[in-house]
Number of protein chains: 2
Amino acid sequence: MILHDYLPSGNGYKVRLLLDLLDQPYEYRHYDIVRGETRTPEFLRKNPAGKVPVLELDDGRFLSESNAILYYLAQGTDYWPEGRWDQAQVLRWMSFEQYSHEPNIATPRFWLTHLGLNEERKAQLAGKQALGRAALAVMDDHLARQAWFVADRYTIADIALYAYTHVAQEGGFTLADYPNVCRWLERVASHPNHRPITEE
Amino acid sequence: MILHDYLPSGNGYKVRLLLDLLDQPYEYRHYDIVRGETRTPEFLRKNPAGKVPVLELDDGRFLSESNAILYYLAQGTDYWPEGRWDQAQVLRWMSFEQYSHEPNIATPRFWLTHLGLNEERKAQLAGKQALGRAALAVMDDHLARQAWFVADRYTIADIALYAYTHVAQEGGFTLADYPNVCRWLERVASHPNHRPITEE
């Protein structure tokens, strides 16, 4: 398998984390999204939405969208629970991540560490950070009652939420305000196969 | 089952569409999101993210996030395909809908039909509409080669994308620019159990 990815991307990191947990070897191809390398005609044939990550299977088929890739790779492993209620809860938290978490936590990080603040971004930053704090509060409250997001064990819901939460400080968030989140971050990072986000 | 919902919501409409396709009876509870009725302590116990739709099962458990609800309800029916590749493709399109489509098509619609344009929204509108047109172009290109999004049949990927696409005009989009999308909208709407978005 080949992973088409951008190293600082949390969405790509989700896939790298799971591939490592599964001891699944893969080839890595790096694209600089800031330089438009995912907007070339060649890349758009892999994913018409022009986004990393994209997983290329051995037969040449392409799968895009990080959470869909997590689903695909996790089938038949411990990271995807049995039973449609727990499965739906995994998808619930992955949807929460994509809609309420990522645009308000990952996007401020991308602006502050990569793009810088122009007038339009400056006008939106405080609003996004307020929504990001609300998302972290929802997570902290949930983790006050359980060690993992779903099914009392490490699933792809934890992977999806870990990716941008553990670097939220880079988006201007104070993780120490969310002690249950901090303990869960340590729990995820304690897996023997765990590795940092920017390590290829 | 009880569906906690807001009638103009496309996210709620996704669930109503599938429940009707499955001939599944349910009780309907309406909340006015503009008046803050999903921000009360009572509602936040159903969904701490404070969003509709929420499906309440007969045993009192709550499931939030429209695409997770679609997954839950579709298990064992024709609207969820067999095989992990097709299943991952359904999730790919549902993720595309949540991340690249809904914030750029549903949000302009909500602003123009409900909230009106203040300075901050006015500054963002053109950018969102450009991204929304890009999402419609990706869909149109995909539908040039196939009648349905995944597995040559009507699945929950079509439901997820139909909900806000068919009312995109209300967000300032010109659907006639996307002829394959228009034909697909007619295909979805031709199901005998199909009903309009604001019909309870």
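Me: What volume does the second largest cavity have?
Reply: The model is predicted, with local features needing pLDDT of at least 70 and side-chain atom pairs pLDDT 80 or more, while totals for chains, interfaces and linings use all residues. Residues are numbered from 1 along each chain as written, chains are lettered from A and ligands numbered from 1 in written order, and side-chain values use heavy atoms, without hydrogens and water. A cavity is a set of points on a 1 Å grid over the protein atoms alone where a 1.4 Å probe fits but cannot get out; its volume is the space filled by probe spheres set on the points, joined across faces, edges and corners. For the second largest cavity the volume is about 40 Å³.

Me: Which element gives the largest share of the lining of the second largest cavity?
Reply: Lining residues have an atom within 4 Å of a point. From chain A the lining takes Asn47(A), Ala49(A), Ser64(A) and Glu65(A), and from chain B it takes Arg92(B), Trp93(B), Phe96(B) and Val138(B). Elements are DSSP runs numbered from the N terminus: helices (H or I) of at least four residues and strands (E) of at least two. The largest share, three residues, comes from H4(B).

Me: Which element gives the most to the lining of the second largest pocket?
Reply: A pocket is an open set with protein on both sides within 12 Å along at least five of seven lines. The second largest pocket holds about 390 Å³ of space, and of its 20 lining residues Phe62(A), Gln89(B), Arg92(B), His142(B) and Arg145(B) lie nearest its centre. By class, this lining has nine nonpolar, four polar and seven charged residues. With five residues, the element that gives the most is H4(B).

Me: Which three residues supply more of the area that chain B buries against chain A than any other three?
Reply: Contact (heavy atoms within 4.5 Å) takes 36 residues from chain B and 36 from chain A. Buried area, the accessible area (1.4 Å probe) lost when two parts are put together, summed over both, is about 3,200 Å² between the chains, with 63% from carbon and sulfur atoms. The three residues that supply 22% of the area on the side of chain B are Arg84(B), Trp85(B) and Tyr99(B).

Me: How many salt bridges lie between chain B and chain A?
Reply: A salt bridge is a side-chain nitrogen of Lys or Arg within 4 Å of a carboxyl oxygen of Asp or Glu. Between chain B and chain A, the count is zero.

How values were computed:
Nonpolar A, V, L, I, M, F, W, Y, C, P; charged D, E, K, R; others polar.
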